[in-house]
Amino acid sequence: MFCRIFICLTMCVAATAALAEDNWPRFRGPNGSGVSESQHPPVPIDRDSMLRWKVAVPAGVSSPCVWGKHLFLTAVEDGKLWTLAYDCDNGHLLWRAEAPAKEIEKFHAIEGSPAASTCATDGQRVVSYFGSCGILCYDFQGHLLWKHELPVAQTHYDFGTGTSPILADGLVILVRDQKNAPAILALDAETGEERWKADRPNVPTAFSTPMISGQGKEMQLIVAGALRMKAYDLHSGKECWVLRGLPSANCTSPVTDGKRLYFAGWSPGSDSPMPSYDDLLKQFDANKDGILEKAEMEKSFLKDFFDANDTNHDGKLTRDEWDANLSYMKQGKNSLLAVTAKGEGDITDTAIDWKHTKGLPYVPSPLFYRGRIFLVRDGGLASCYDAEKGQTIYENRRLGASGKYYASPVAAGGYIFIVSLADGVISAIDAASDNPEVAAQRKLDERVAATPAIAGNRLYVRGGQHLYCFGAGE
């Protein structure tokens, strides 16, 4: 009897894993890899016949989460937060559920959103997270199963929430690297009850979503935060190891090939010097009072980020505020790292197999696909490296669609799909080429900050105003 039960459980676990591979159950798909080996989305996306449907959606920057016929998003509309479910076949709205937020978290009006976190699902339930109120769990018909209320998130520089929840081995995992009570929460996926909590004291805000490494009892939660990456035992929350040398303002998430972890990230730091306060005064202090006011910075590179650097929000950027920000940013290290994580404690000096310092992305996470690491950075520049040895295949090659990139690359069927921020230019790139050859391109003419999803041999793209589904006719 025991053997039959064990075999049955093993088959169920294997079937669930296979289903996850066929779907897109969280931010960046199966285990955050950005890859779906079983799917073949359309490559000639420039053909109108490949656009199956296009529907208007409320504002938000969360990415599509797909399971079967259901596609889930989070959104903000008229000051209210929503979880939305769409029919994958036609884009019809199936249901919407309002999040019980009494207060909306502070967020950057241009770059952030109170609906930034991508949903996660295991095929039975869908989980949403809002920094304004906490974690909500629904069934596929939109009925609330449970909720875990949390205090309104307070992020450094008031940027807003960026991390997404994940589901792993019966747990809902959420990393809250923020100013107030930073911690990792592990909740029972069925009941919402807390299984463990790991405090993360004195951590700056980060926007990375965690991933899982290992199998069974050896499963670890990999968390890339600001300045360092840590591993935790998935079932107990015990800290296993730490790797230092990450960016000061980390947005990207790590990936794995089953043997190594790969991390790539960039932010203003020690290798990208910022101007001193005196330099800023010389350029922008129009009234020569020795203090930078918001109106004086309207034509500077800080125009959209003045409030983030004005930490006491008095409308003035003082020397102390700027110097404190510079001091912190200089601690950051920008690089692409290949990591073999063995041992406990600080593994910084022993775990790095190879690294590169060029072509680094600010927001898009790295992609491991068919033995290669692929990066895309602002300017529409692509880089590719051999994952085993770290050898450069190409570096900082222009793709034909410039500007910023926030969406992370995703891959299936031998092609890599990337989307630019401002105009939503989708590019399909041959993954096997030793040059970043663009097989097809399509311009959506709207902002795209969300990472695409791949499921059902279709490519789903969430823009600032619309949700798109690309797929061949059936």
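Arg96 sits over the face of Trp82, 4.0 Å from the ring centre; a charge counts as over a ring if NZ of Lys or CZ of Arg is within 6 Å of the ring centre and within 35 degrees of the ring normal. The model described here is predicted, so local features need pLDDT of at least 70 and side-chain atom pairs count only at pLDDT 80 or more, while totals for chains, interfaces and linings use all residues. Residues are numbered from 1 along each chain as its sequence is written, and side-chain values use heavy atoms, with hydrogens and water left out.

Aromatic rings also pair with one another. Rings of Phe, Tyr and Trp (its six-membered ring) pair if their centres lie within 6.5 Å, with planes under 30 degrees apart counted as stacked, over 60 as edge-to-face and the rest as tilted. By this rule there are nine aromatic pairs. One of them joins Phe72 and Trp95, a tilted pair with 6.2 Å from centre to centre and 50 degrees between the planes. Phe72 belongs to strand S3 (residues 70–77) and Trp95 to strand S5 (residues 93–98), so this pair ties together parts that are 23 residues apart in sequence. Helices (H or I, at least four residues) and strands (E, at least two) are DSSP runs, numbered from the N terminus. Phe72 is buried, with a relative accessible area of 0%, and Trp95 is buried at 10%; buried means under 20% relative accessible area, exposed over 50%, and partly exposed in between (1.4 Å probe, protein chains only). The ring centres of Tyr468 and Phe470 are 6.2 Å apart and their planes lie at 10 degrees, so that pair is stacked. Both Tyr468 and Phe470 are buried. Ring pairs also link Phe72 and Trp95 with Tyr138 and Phe140 in a cluster.

Gln220 has Asp233 in S16 as its bridge partner. Three residues separate the strands of this hairpin, in which Leu227 takes a positive phi near 75 degrees. S16 pairs as well with strand S17 (residues 239–244), again antiparallel and over five bridges. Here Arg228 has Arg244 in S17 as its bridge partner. This hairpin has five residues between its strands, and Gly237 takes a positive phi near 85 degrees.

Finally, Ser300 lies in the loop between strand S20 (292–293) and helix H3 (306–309). Ser300 is buried, with a relative accessible area of 10%.

Notes
Pairing = 2+ DSSP bridges.
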